[in-house]
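Q: Could we walk through this model together, starting with the terms and then going region by region?

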Amino acid sequence: MSTQPQQFSPVTSDFAPAITGSTPAAEDGFQAALAEWRAVLGPQHVLTDQATLDDYARSTLPRGTRPRAVLRPASTDEVSRVAAIANQYRVPIYPISCGKNWGYGDRCAPTDGQVIVELSRMNRILEVNTELAYAVVEPGVTQGQLYDFLQQHNIPLWIDPTGAGPTASILGNTVERGYGITPYGDHFAQIAGMEVVLPTGEVVQTGFGHYGNAKAWRVFPRGIGPYLDGLFTQSNFGIVTSIGVWLMPASPHVELCLFSADQDQAVDELVERVRWLLLHRVLVGAVNLMHRNRILTVLRQYPWELMGGRTPMSEEVAQQLARQRQIGTWNGVAALYGTRRQVAAARAEIRRVLKASVDRLAFVSEGKLRLARRIPWLVKLVTGMDVGQLLAAVEPALGIVKGKPNAVSLNTCWWRSKRQPANALPDPHDHCCGVIWFSPVIPMTAGHLREFRRLAEPIMAKYRFECCITLTAVNPRAFDCTLPVLYDADDPEEAQRAAACHQELLSACAAAGYLPYRVDIHSMPLVTSPSSSFGMLCRRLKSALDPNRVLAPGRYVIKP
Ligand code: ADP
């Protein structure tokens, strides 16, 4: 039988996703399942009160979904029993780790009425191997927790933090195939064995793990025979209850390379040169290229006063704000790792390659930052920059590339909010932040970037949103572009416009071949269209593993 190559069929309504989950279980079955879950977990870990359900329905997207209950198991055995009960009574369940999935769905399932299985109580660091540089963690282990553990025990290993902040889990991001910007930035590539609970309750280990006595499980993740780890990422085939992740050995010396270009078209040449540096391994970690607008969203909220309440931000105001902070139109950041001599050699090569295409190029080490703190007037004299401003911008970035998570990137969520931003560790929900991520993968050439911008920028302008592009080199050949649609969640009209804008971006870019690496809960139909052979294979796998379709219906693999 021949099948059509997959075509993207746009979802027609802004708010009504074209997803059909499994039909919610009949009330009797649901009540029976609740009773059994209470017996297994204890009643305090089976939550059905309205306040909890309201809380879990909150979303940074224009629309969340409402769960039917929230379960909080504390061990693999409990997860297995939760799944078996769900399967017996045909009650859809949706696993999350810590639920910091901002801008992609937060703690919400793709459809209403699923039972959230939150794994944040499973927060044990099961192993840290200092010689072989890996850790094994449960789903509730956060980035901050693993970082603190390594620090407290003086273990010279670094995690690869994402921008989701210290309270986000390691495992949740990895099963979504997220990324950071250290040389260990492609999180899927660092997976070292998984333990998975299948929808029917069986527990399996991937790779060599199922042999029980395998010595190389965590250092040779593919094992022998079919390599299954990919099946349990971006899918609804299993609940991952622990994961091995490779960690980066602390580098003897680290420097940040910061560069910027004032002319918009300079980005074309920068892309070509950055690719050369990555392909030739002068740069070993990711490079971030950020448009001015994106940096402004991190540094401040929307200039409502300067704009007299109008949107989007005008070019004049954007330029004025960028000038005040010495931000170029395109700004790059990369990290250099190695011994001092290796870093010095890379620095010289980067200077040679980038010099002609940038207006500013600087290398910042911790030593230089210490000096800046001690002699601020000298820094002001040499760079013209206020030291406070410099440190505020550079210190978190230097922290991130050395494995220290922070919540600075989350500031972006506050951009259009008219409320005061929170201090400490912010929860975007508490401040009515609105964000929908659009994350297409762009081949790393100037031509592809131009083509992508030609599509995306007019759509953002049409819906009165700023185009806030970051390009992250996830490998030497591809950028993951993150382009958030940022809106004021207190303003229903703006929220509706944001949803429509995101939908049009997704449709137009997918039609042109620029597909996202990951999607939010309302955009899942993009992934496995019924007509493609890929979609049909996914559904056959789903039917085999989850005959009653109880696990995360609508997540990536859509119902046949
Ligand atoms: P984080 O804790 O890092 O914020 P989330 O818990 O929000 O991450 O996870 C992101 C998404 O990944 C969830 O919405 C869910 O669909 C999926 N996911 C998270 N944890 C698991 C897990 N243990 N097993 C299977 N899928 C998971």
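A: Two strands are taken to pair if DSSP finds at least two bridges between them, and the helices (H or I, at least four residues) and strands (E, at least two) are themselves DSSP runs, numbered from the N terminus. By that rule, strand 8 and strand 9 pair in the antiparallel sense over 3 bridges. This is a predicted model, in which local features need pLDDT of at least 70 and side-chain atom pairs count only at pLDDT 80 or more, while totals for chains, interfaces and linings use all residues. Residues are numbered from 1 along each chain as its sequence is written, and side-chain values use heavy atoms, with hydrogens and water left out.

Q: Which residue is the bridge partner of Val197 in strand 9, and what sits in the hairpin?
A: Val197 has Val203 as its bridge partner in strand 9. The hairpin of strand 8 and strand 9 has 5 residues between the strands, and there Gly201 takes a positive phi near 105 degrees.

Q: What is the strand order in the open sheet of 5 strands?
A: The order is 5-6-10-8-9, with antiparallel pairing. Strand 5 (125-129) and strand 9 (203-205) stand at the edges with a single partner strand each, so one side of each is left without a neighbour in the sheet. On average, neighbouring strands of this sheet are turned by 10 degrees against each other, direction ignored; axes here are lines fitted to C-alpha atoms, for helices over the stretch in contact, and angles run from 0 to 180 degrees between N-to-C directions.

Q: And how many bridges join strand 8 to strand 10?
A: There are 5 bridges between strand 8 and strand 10, which run antiparallel, and Met194 has Ile243 in strand 10 as its bridge partner. Strand 10 (residues 239-246) also pairs with strand 6 (residues 134-137), again in the antiparallel sense, over 4 bridges, with Val245 of strand 10 as the bridge partner of Ala135.

Q: Why is strand 8 described as largely enclosed?
A: Because 7 of the 7 residues of strand 8 are buried, it is largely enclosed by the rest of the structure. Buried means under 20% relative accessible area, exposed over 50%, and partly exposed in between, with a 1.4 Å probe and protein chains only.

Q: Which helices lie across this sheet's strands?
A: Helix 3 lies across strand 8 (191-197), strand 9 and strand 10, running at about 50 degrees to strand 8, where contact means heavy atoms within 4.5 Å. Helix 4 (residues 143-152) lies across strand 5 and strand 6, at about 45 degrees to strand 5.

Q: What span should helix 3 have, and what is its end-to-end distance?
A: The expected span is 1.5 Å times one less than the number of residues; the 14 residues of helix 3 (residues 76-89) should therefore span 20 Å, and the end C-alpha atoms are 20 Å apart, which agrees. The buried residues of helix 3 include Val79, Val82, Ala83 and Ile85, and just after the helix Arg90 takes a positive phi of about 55 degrees.

Q: Where else does a residue other than glycine have a positive phi?
A: Asn154 has one of about 50 degrees, in the loop between helix 4 and strand 7 (157-158), and is exposed with a relative accessible area of 70%. Arg177 has a phi near 55 degrees in the loop between helix 5 (170-175) and strand 8, and is partly exposed at 32%. Most residues other than glycine have a negative phi, and most peptide bonds are trans.

Q: Which peptide bond is cis?
A: The bond from Thr311 to Pro312 is cis, with omega near -5 degrees, and Pro312 is found in the loop between helix 7 and helix 8.

Q: Changing topic, what lines the second largest pocket?
A: It is lined by 28 residues, of which His291, Arg292, Asn293, Glu315 and Thr329 lie nearest its centre. On a 1 Å grid over the protein atoms alone, a cavity is a set of points where a 1.4 Å probe fits but cannot get out, and a pocket is an open set with protein on both sides within 12 Å along at least five of seven lines; lining residues have an atom within 4 Å of a point. Helix 8 (315-324) supplies the largest share of the lining, 5 residues.
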